[in-house]
Amino acid sequence: MRATNVFPKEQREWGRAVIAELDGITGFWPSIKWIAGGMTAMSKAALRNLLHNIVTGAWRKEPGQEPPYAAAAAISFILLLTPFYFVSASLLNQWGITWLFTPIEHWLSRPGQAAAFNVISPIVLLGTLISSVVLNLASLLSVAREEERGGTVAVVKLRVRSWNPAAIGLSLLLTSLLLGYAFVENFGTQVHP
């Protein structure tokens with residue numbers, strides 16, 4: 001019940017309904033399965049609504065509503081775990097610390113998997129980095145129109161919260177490290193006669 005308090009109001013009602021239905025389920029494992037399924041469904045719905053609100057700016061339509069700064073930063077840091085792991089493992093592998101790179105090396109050791117990895121990994125890595133920047137900029141930037149003496153003027157407002165610029169900065173740092181690593185991997189080892 002306490003876990004449902006973390007969710008938005010709509011999902012909290014859903015959580016109470018899941019818990020109320022728990023009385024009709026017999027057995028320990030079926031009860032655990034019911035709770036896990038309900039929490040998973042509520043988490044997916046809450047995350048989907050949160051992402052929709054951030055990206056579309058739905059929070060701007062309600063007067064006095066604050067942008068979801070913390071949620072955008074938290075989602076960004078979760079997204080950045082994958083590129084952070086890849087960049088860290090790759091850099092440490094170059095310096096002789098190979099245990100973090102072992103799972104990646106395992107994928108690259110088979111020709112079919114290596115081809116799939118080389119196609120999928122740039123999409124996933126760059127996609128998460130771009131998504132992190134877009135999520136934070138969507139919560140920090142707002143564009144409005146204001147009336148002035150000469151007509152209507154577009155005004156761009158930038159709000160600064162500490163975690164959002166940190167997420168953007170980490171995304172840009174990881175992007176530059178990733179692009180530098182890709183450049184060195186592809187062009188740095190060529191020997192010219």
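I call a residue buried when its relative accessible area is under 20%, exposed when that area is over 50%, and partly exposed in between, with a 1.4 Å probe and protein chains only.

**Ground rules.** I am working from a predicted model, in which local features need pLDDT of at least 70 and side-chain atom pairs count only at pLDDT 80 or more, whereas totals for chains, interfaces and linings use all residues. Residues are numbered from 1 along each chain as its sequence is written, and side-chain values use heavy atoms, with hydrogens and water left out.

**The chain as a whole.** I looked up the secondary structure and found seven helices and two strands, where helices (H or I, at least four residues) and strands (E, at least two) are DSSP runs numbered from the N terminus. Read from the N terminus, the order of the elements is α-α-α-α-α-α-β-β-α. The protein chain has 193 residues, of which 27% count as buried. Its accessible surface is about 13200 Å², with 66% of this belonging to carbon and sulfur atoms; such areas come from the Shrake-Rupley method with a 1.4 Å probe, and for residues only the protein chains shown count as cover. I take contact to mean heavy atoms within 4.5 Å, and among contacts between residues at least 6 apart in sequence, 61% join residues at least 24 apart.

**Helices H3 and H6.** Two packed helices are described by the angle between their axes and the distance between the axes. For helix H3 (residues 69-79) and helix H6 (residues 111-140) I noted an angle of about 175° and axes 9 Å apart. The axes are lines fitted to C-alpha atoms, for helices over the stretch in contact, and the angles run from 0 to 180 degrees between N-to-C directions. H3 and H6 are therefore roughly antiparallel to each other, since angles under 35 degrees count as roughly parallel, over 145 as roughly antiparallel, 65 to 115 as roughly perpendicular and the rest as oblique. On the H3 side the contact includes Tyr69, Ala72 and Ser76, and on the H6 side it includes Thr128, Ser132 and Leu135.

**Residues at this contact.** Serine 132 is in contact with Ser76, Leu79, Leu80, Ala167 and Ser171, leaving aside neighbours within four places in sequence, and its C-alpha atom is 8.1 Å from that of alanine 73, which is 59 residues away along the chain. Alanine 72, in helix H3, is likewise buried at 0% relative accessibility. Not counting residues up to four places away in sequence, alanine 72 touches Ile54, Leu135, Asn136, Ser139 and Asn164.

**Nonpolar cores.** A nonpolar core is a set of buried Ala, Val, Leu, Ile, Met, Phe, Trp, Tyr and Cys residues joined through side-chain atoms within 4.5 Å. Which residues touch the most other members in the largest core? Of its 13 residues, I listed Phe86, Ala89, Phe101, Ile104, Leu129, Leu174 and Leu178. Helix H4 (81-94), H6 and helix H7 (163-187) are the elements that give two or more residues to this core. Leucine 178 is in contact with Phe86, Val87, Leu125, Leu126 and Leu129, leaving aside its neighbours within four places in sequence. A second, separate core has five residues, among them Ala72, Ile75, Leu135 and Ala138.

**Two further leucines.** I went back to leucine 51, which is found in helix H2 (residues 28-56) and touches Ile75 and Leu135, residues up to four places away in sequence not being counted. Leucine 158, in strand E2 (residues 151-158), is exposed with a relative accessible area of 56%. Leaving out residues up to four places away in sequence, leucine 158 touches Leu140 and Leu141.
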